[in-house]
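Subject: Structure handover

Hello,

Here is the structure we talked about. Please take a look, then read my notes below.

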Amino acid sequence: MYKVIIKFASPCNLANIMTTKDHYEKHLANFYSWTAGDFELKSKDFQIFLSDHKILPLSSKVAIDLGAGHGIQSAALARTGFKVWAVDFNEQLLEELKHNCAGLNVTPVEQDIRLVTRYEDLNPELIVCWGDTLTHLENESDVERFIDYTCEILKEGGKFILSFRDYSEKRTGNARFIPVKSDETRILTCFLEYSPTHVTVTDLLHEFDGKTWQQKVSSYNKFRITREEACDLLKANGMTISFSDEKNGLITIIAEK
């Protein structure tokens with residue numbers, strides 16, 4: 001019988017909630033790319049998405065990828081012809097991005113996405129915030145300011161692509177446990193706990209070192225926002241919603257200035 005060793009991602013108990021940045025630095029970044037799946041396949045999927053929605057470089061040719069991670073969207077944007085600024089707060093993921101986007105017109109930037117106004121002089125015609133980055137923001141005011149600032153720096157006629165997880169429906173009982181991914185040496189499960197405004201996500205990772213399974217645990221908060229609320233914030237900034245969809249729990253919105 002294998003022995004299980006439990007390790008926490010920081011010297012704290014399960015009741016403590018990390019900041020999103022700490023959660024990535026001390027836990028999630030170590031296996032983020034494994035969780036995301038095949039890089040080239042995922043990047044090709046996003047490139048097809050861009051093509052399907054006729055999103056091409058037209059004027060400044062500048063795209064900003066907010067919460068770029070290890071570069072899935074950045075690579076697709078660059079292959080579509082954009083000059084890409086890939087912004088993320090995690091150094092480890094940006095190092096992976098540099099490798100994954102080698103030879104492409106992608107500039108990695110280690111920065112908090114909430115400081116998006118720093119890129120106004122780039123005159124971006126496309127801004128992308130893909131995956132579940134939006135829900136990493138702390139609260140309603142944080143989300144409102146982020147959307148306000150992003151729309152403000154976007155070139156007239158430019159597009160804002162936004163995607164995030166739908167946490168509007170509260171899971172109960174065993175449905176709060178979500179099997180994310182597994183192979184011979186890793187098993188990742190997420191556990192969700194809901195409050196009126198947030199969901200606490202606990203990432204439980206089991207890793208096998210050849211002799212024992214080790215459990216590593218870390219928790220952080222995500223903000224709960226609906227598709228309607230996000231669309232309303234975009235419209236309040238003079239944006240026109242050209243596409244809005246939900247598939248497999250992921251909300252996707254394309255808005256035009």
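Start with D132. Leaving out residues up to four places away in sequence, D132 touches S163, F164, R165, Y167 and K222 (contact means heavy atoms within 4.5 Å). This is a predicted model: local features need pLDDT of at least 70, side-chain atom pairs count only at pLDDT 80 or more, and totals for chains, interfaces and linings use all residues. Residues are numbered from 1 along each chain as its sequence is written, and side-chain values use heavy atoms, with hydrogens and water left out.

D132 sits in the loop between β5 and α6. Helices (H or I, at least four residues) and strands (E, at least two) are DSSP runs, numbered from the N terminus. D132 counts as buried because its relative accessibility is 12%. Buried means under 20% relative accessible area, exposed over 50%, and partly exposed in between, with a 1.4 Å probe and protein chains only. Two polar contacts involve the D132 side chain. One is with the side chain of K222, at 2.6 Å. In the other, a polar atom of the D132 side chain lies 2.8 Å from the backbone nitrogen of R165. A polar contact here is a pair of N or O atoms within 3.5 Å; within protein, one must be able to donate a hydrogen and the other to accept it, and residues adjacent in sequence count only if both atoms are side-chain atoms.

Next, helix α6. The helix covers residues 140-153. Its 14 residues should span 20 Å at 1.5 Å a residue, and the end C-alpha atoms are 20 Å apart, which agrees. The expected span is 1.5 Å times one less than the number of residues. At the start of α6, a side-chain oxygen of N139 comes to within 3.2 Å of the backbone nitrogen of S141. The buried residues of α6 are D142, V143, F146, I147, T150, C151 and I153. Their cover includes the strands β2 (62-66), β5 (126-129), β6 (159-165) and β10 (213-223), along with α7 (227-236).

Helix α4 (residues 72-80) is mostly covered, with eight of its nine residues buried. Those are I72, Q73, S74, A75, A76, L77, A78 and T80. G81 follows α4 and has a positive phi, near 115°.

Now the sheet. Seven strands form an open sheet with mixed pairing, in the order β4-β3-β2-β5-β6-β12-β11. β4 (106-110) and β11 (240-247) stand at the edges with a single partner strand each, so one side of each has no neighbour in the sheet. From one strand to the next, the twist averages 15°. Axes are lines fitted to C-alpha atoms, for helices over the stretch in contact, and angles run from 0 to 180 degrees between N-to-C directions. Within this sheet, β2 and β3 (residues 83-88) run parallel and are joined by five bridges. Strands pair if DSSP finds at least two bridges between them. L66 stands opposite V87 in β3.

Two hairpins come next. β7 (residues 177-182) and β8 (residues 186-194) run antiparallel, joined by five bridges. They form a hairpin with three residues between them. P179 stands opposite T189 in β8. β8 also runs antiparallel to β9 (residues 198-208), with nine bridges. That hairpin has three residues between its strands. I187 stands opposite H206 in β9.

E193 lies in β8. The residue is partly exposed, at 39% relative accessible area. E193 touches H198, V199, T200 and T202, again leaving out residues up to four places away in sequence. R171 is 22 residues from E193 along the chain, and their C-alpha atoms are separated by 8.2 Å.

Last, the aromatics. The structure holds nine aromatic pairs. Rings of Phe, Tyr and Trp (its six-membered ring) pair if their centres lie within 6.5 Å; planes under 30 degrees apart count as stacked, over 60 as edge-to-face and the rest as tilted. F46 and W130 are edge-to-face, because their ring centres are 4.8 Å apart and their planes are at 65°. The pair links distant parts of the chain: F46 is in α3 (residues 39-52), W130 is in the loop between β5 and α6, and they are 84 residues apart. Both are buried. Y24, Y32, F89 and Y220 form one aromatic cluster.

Best wishes
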